[in-house]
Every structure is written in structure tokens, then in C-alpha cells.
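Please open the structure in your viewer and keep the selection tool at hand. The tour below moves from one selection to the next and says what can be found at each stop.

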Amino acid sequence: AAAGVMSKDAALVNKLKEAGESAGERVWELPMWDDYKENVKSDIADIRNVPGGKGYEAGAIAGAWFLQHFVEKTPWAHIDMAGPAWSIERKHYTEKGGTGFGVRLLVEFLKRTR
């Protein structure tokens, strides 16, 4: 399984990719094209955390732009693990249902960054 990862920090993305390969929970970088930034604009709020119905929803990328709005200079990454967090059948080391995807990835990432 793989999850999408988005960030403006290429070094952080590479570290997550390496940790994911080692842990067996890979991440695949998705682009943060500027036109998707429009998806978090709102007519009634400063910003919204769901796509805005502009015809190119890209909820994962909109989630990344939502985070970008708040983090300022802090290194960050959005790992969109909703898809691989659930399995409709038993696979390698996971049962049917919740997979726990991301736990191994983040533990490996943290072990490598201490």
C-alpha cells in the first residue's frame, strides 16, 4: 500500500519516502499545483478545510494547502493515508478492516530523525 504525501519541503518528503520504503508503508509524492490552492478559499470564512466545488476537487491536495496556510516556517508534510488505512480483504500483515497504515512509517521516520 502507498499513501500520497505533499509538502513544500523536498528534504522532508525524501526522508518520509526512505522511511516508508524501509517500513513497508510507502509514500508517493503528489504535486501541490497553485491552482488547487483555490480549493480552500471561502466566501464566508478565512479558509475552509474541504474542497470548494471548483470542478477539480483533489481533496488530498486541498488538505495540504489547508495545512500550508497555518504552518508558516515549520517543516510539514501532509500524508493522505485515508485510503490505505482500510482494507476490504486480508493482505500481507494486515487483516480485513483497519490496517494501522502510517504507524510503521512514522515510527521509522522518527527513529531516523532523533
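Begin by selecting Ser7, a residue that is buried, with a relative accessible area of 10%, in this model, which is predicted rather than determined by experiment. Ser7 sits in the loop that joins strand S1 (2-6) to H1, and once its neighbours within four places in sequence are set aside, the residues in contact with Ser7 are Leu12, Val13, Met32, Trp76 and Ala77.

Next, select Trp65, which is placed in helix H2. Is Trp65 buried or exposed? Its relative accessibility is 6%, so Trp65 counts as buried.

Glu72 has a positive phi of about 55°, although it is not a glycine. Glu72 is exposed, with a relative accessible area of 69%, whereas Trp65 is buried.

Now select two helices together, H1 (residues 10-23) and H3 (residues 103-113), which pack at an angle of about 120° with their axes 8 Å apart. The crossing of these two helices, H1 and H3, is right-handed. To display the contact itself, select Leu12, Lys15, Leu16, Glu18, Ala19, Gly20, Ser22 and Ala23 on the H1 side, and on the H3 side Arg104, Leu105, Glu108, Phe109 and Arg112, which they meet. By type, the residues of this contact between H1 and H3 comprise six nonpolar, two polar and five charged.

The last stop is the largest pocket, whose volume is about 240 Å³. Which residues are the closest to the centre of the largest pocket? Select Ala1, Lys91, Tyr93, Thr94 and Thr99, which are the closest to its centre among the 13 residues that line it. The lining of the largest pocket is made up of five nonpolar, six polar and two charged residues.

Note on methods. Residues numbered from 1 in each chain as written. Predicted model: local features only at pLDDT ≥ 70, side-chain atom pairs only at ≥ 80, totals over all residues. Heavy atoms only, no water. Axes fitted to C-alpha atoms, helices over the stretch in contact; angles between N-to-C directions. Helix = DSSP H or I, 4+ residues; strand = E, 2+ residues; numbered from the N terminus. Left-handed = near helix turned anticlockwise from the far one by under 90°. Contact = heavy atoms within 4.5 Å. Nonpolar A, V, L, I, M, F, W, Y, C, P; charged D, E, K, R; others polar. 1 Å grid on protein atoms, 1.4 Å probe; cavity = no way out; pocket = protein on both sides within 12 Å on 5 of 7 lines; lining within 4 Å. Points joined across faces, edges and corners; volume = space filled by probe spheres on them. Buried < 20%, exposed > 50% of the residue type's maximum accessible area, 1.4 Å probe, protein only.
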